[in-house]
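Here is a short briefing to read alongside the sequence and the model. Please keep both in view as you go through the points.

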Amino acid sequence: MEDLMPHLAKIKAPFGQEKVYKEECAFSFDNPETETGLYVCMSTFLGLGKKYVEWFYNKTGNAVFLHIRRIRKEIEKTSESPPEKKPTKLAIGVEGGFNPDEKQFEFEETISIVILPKWKVIPYPSPELPDIAKISAEAIMGAEDPLKAAEAAAMANTWEGEERKVSKYADNLKQLDNGRKIPPTGWKCEMCDLTANLWLNLTDGSILCGRRFFDGSGGNNHAVEYYKKTGYPLAVKLGTITPEGADVYSYDEDDMVLDPHLDKHLAHFGINIRALEKTEKTMMELEIDINQKVGEWDVIQEAGSKLCPLYGPGYTGMRNLGNSCYLNSTMQVLFSIPDFEKRYTTSSFESIPNDPTSDFTLQMTKLGNGLLSGDYSKSPVEGVDERLQPPSGIRPQMFKTLVGKGHPEFSTKRQQDAQEFFLHIINILEKNTRGTVNPADCFKFQVEDRVQCTQSNKVKYTSRSEYCLSLPIPMEATTNKDEVAMFEAKKLEAQGKILDPKEIVRPKIPMSACIESFAEFETVEDFYSSAIKGKTLAKKSTRLSTFPDYLMVHLKKFTIGDDWVPKKLDISVDVPDNLDLSSIRGRGLQSGEEELPQEAEAPQEVQLDESVVFQLVEMGFPMEACKKAVFNTNNSGLESAMNWVMEHMEDPDFNSPFVPPGSKPKSGSFVPSEEGVAMVMAMGFSRDQAVKALKNTDNNVERAVDWIFSHTDEMDTPMETEAGGDTVPNTTYRDGEGKYKLVAFISHMGTSTMVGHYVCHIKKEGRWVIYNDEKVALSEHPPRDLAYLYLYQRL
């Protein structure tokens, strides 16, 4: 014990608010299950992989560590073992979701105390240990790991498929005394011949078929059409009724709901709820079945192919943390780019931040090292059951917790949109690379918007920075319309039965058509023209002024149907290996063009219907976007404003402050709030930066800070003055010819961004590789036609 005595003064017990990281190293992805286990500093309670222990000791002088090592052992199944649960949620790695590891395991855990610099090992427990060492070790082992606590909080904030609210109609539901009694069997839609997916209207007892699903199965929409005609709000799905409840849908609330009086409402039609058993699948079960059988899942994951696993540097998988495949796929693609590899990979760290777990640069470097070093991607040991070896890949819990902190979506365990997460990471990079190299600059390009007044023919050019090129899907450009029509007819004949995935015919659309649609002129109604000092029609076009080193192309597959239900376009896009975008190069003001004059001040006061703005905000849309919607629809009501919102959600300036046309004041007329300037400068920004931000946000300090973080490329550069007094950022972009080659793509499986699964394919060493969470393999049939995001590298 003499090795321990000199260090007793530095040993602590985490009885205060200290966080104890005993599941993951702060600097690597070592954990108790890896070969060398995890070392927890008994002074700071940081977890460390073995290769960082001596470095940490030399930096801090902390010499005593609690060593935790776990070894997997399979539990033999017996007749008393509980049966494997069938998935009830469209999720991976969460309770009720798909479990990629069907085997059951237990862990054998060994604990010891290790003292540096001689790596002296003392078994734990040991009666000879000093009391402070015993107390510290016991407290560390009993403490809750903050990563697990964050995961539990994320789960608590996550919407689950079966979690429903009580319907506002349940307490006072109107039920007609029409004498109708529902038989226990023999149900059929009253408007067609369907005998499955039937819904009983709880007001008058009508039995009608449900919505048609995207794959052609389901119903013929008769139940929802009946609601539009009668206004009767609640319906229960026949075949799902049990004493515990049933699937109840509220058409007005547009959601699955709870009806606490369901037994009484069913008794009105002679149905004894306690005598019924579930005979049909719930809506969640149907969704799972459709996604598994429709063929998209199998094609994108290359099911049926004998995929050859790959190991080593650059072939490290990422374990699913529960609906985290969007993060896994996005980060795999980012770290296939040299800019990110160069910026965020290093063999060692120079210093230790106060809180390494919250240092973005450190955690990005840790992720880069984890993915590209090959330390966590090694071939299984021959002769040993692969399932008993340490799990392959890395578990990026610390990284996910950090980048999702405070975000209403990415802090949860819900499935998310990979494109939105990509832009979220770009935003975080902008905040954390001020004054240093930002690897995201490889994506940045300048977009040129040109608007032409149709009466005066004068034009206005504006520019903005973008990191992702979003392309529309022109369904009218489908090249196999006859084959699609025949398939749709076949689906109708099948009367809701799910067809063989091999028979599925998807509309084929060339990517060239998507690019042409992006470049088309758009008609802008009620455009305020400073040339005629009034509103008129205008023509708007968008071009790319610069072509970045890497271009992320986003296909707008997710849309809103006529029934206001979000859906994904099930299409096949003809994606070329090589892409030439020279035709959409922006050239700026051309010879013979005359610019629209600058307005000195607002030509008129704008009146907005505040009640409609408020209703839209209540639906969850941004305030500034709601103002634009009401303004651009001339205060014509909620429905038209809602339509405008749905049509413009993908606009790059959707969330930017609402500024009525022609209302921008002259340069020099702005007087910054000195109190606001002081508050912004207190956050570490210069006076010029504070004034610039306040000017663009009408002296709103909170918005000014957000504006700074979303315009970092404009903060560190001098401002040039345009004619008329407006200022524009003097920023630089990487540029070259608009010719590209495909190097990666991310695919989504499922009917909406909120469900399903993401995988990515990356071209490495001249061959395509599939990254499906922790599984990395040589791809045999890269499904590029079904992807959602495409990464192109400039030639």
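Strand 26 and strand 27 (residues 757-764) run antiparallel and are joined by six bridges. Helices (H or I, at least four residues) and strands (E, at least two) are DSSP runs, numbered from the N terminus, and two strands pair if DSSP finds at least two bridges between them. This is a predicted model, in which local features need pLDDT of at least 70 and side-chain atom pairs count only at pLDDT 80 or more, while totals for chains, interfaces and linings use all residues. Residues are numbered from 1 along each chain as its sequence is written, and side-chain values use heavy atoms, with hydrogens and water left out.

**The protein overall**

- The protein holds 21 helices and 30 strands.
- Of its 795 residues, 50% are buried; buried means under 20% relative accessible area, exposed over 50%, and partly exposed in between (1.4 Å probe, protein chains only).
- Among contacts with a separation of 6 or more, 70% come from residues 24 or more positions apart; a contact means heavy atoms within 4.5 Å.

- Strand 26 spans residues 739-749, and nine of its 11 residues are buried, so the strand is largely enclosed by the rest of the structure.
- On the pairing with strand 27, M749 has H757 as its bridge partner.
- Strand 30 (residues 787-794) is joined to strand 26 by seven bridges, and the two run antiparallel.
- Within that pairing, you will find A744 opposite L791 of strand 30.
- Strand 23 (residues 578-580) also runs antiparallel to strand 26, through three bridges.
- Here L579 has Y740 of strand 26 as its bridge partner.

**Strand 29 and its partners**

- Strand 28 (residues 767-772) and strand 29 run antiparallel, with four bridges between them.
- V769 is bridged to L778 in strand 29.
- Two residues lie between the strands of this hairpin, in which D773 takes a positive phi near 55°.
- Strand 29 (residues 775-778) also pairs with strand 12 (residues 308-309), in the antiparallel sense and over two bridges.
- There P309 sits opposite A777 of strand 29.

**Helix 8 against helix 12**

- Helix 8 (residues 325-334) packs on helix 12 (residues 418-432) at an angle of about 55°, and their axes are 9 Å apart. Axes are lines fitted to C-alpha atoms, for helices over the stretch in contact, and angles run from 0 to 180 degrees between N-to-C directions.
- That angle makes helix 8 oblique to helix 12; angles under 35 degrees count as roughly parallel, over 145 as roughly antiparallel, 65 to 115 as roughly perpendicular and the rest as oblique.
- The crossing of helix 8 with helix 12 is right-handed. A crossing is left-handed if the near helix is turned anticlockwise from the far one by less than a right angle, and right-handed if clockwise.
- Helix 8 brings Y326, L327, T330, M331 and L334 to meet A418, F421, F422 and I425 of helix 12.
- The residues of this contact comprise eight nonpolar, one polar and no charged. Ala, Val, Leu, Ile, Met, Phe, Trp, Tyr, Cys and Pro count as nonpolar, Asp, Glu, Lys and Arg as charged, and the others, Gly among them, as polar.

**Helix 10 against helix 11**

- Helix 10 (residues 360-372) and helix 11 (residues 397-404) pack at about 145°, with axes 10 Å apart.
- Helix 10 passes helix 11 in a left-handed crossing.
- F360, Q363, M364, K366 and L367 of helix 10 make the contact with M398, F399, L402 and V403 of helix 11.
- Those contact residues divide into seven nonpolar, one polar and one charged.

**Backbone spots to check**

- As background, most residues other than glycine have a negative phi, and most peptide bonds are trans.
- L116 and P117 are joined by a cis peptide bond, with omega about 15°; P117 is in the loop between strand 4 (105-115) and strand 5 (120-123).
- Y124 and P125 are likewise joined by a cis peptide bond, with omega about 0°, and P125 lies in the loop between strand 5 and helix 2 (131-142).
- N323, although not a glycine, has a positive phi of about 60°. You will find N323 in the loop between strand 12 and helix 8, where it is buried at a relative accessible area of 8%.
- D526 is not a glycine either, yet has a positive phi of about 55°. D526 lies in strand 17 (residues 522-529) and is partly exposed, at 29% relative accessibility.
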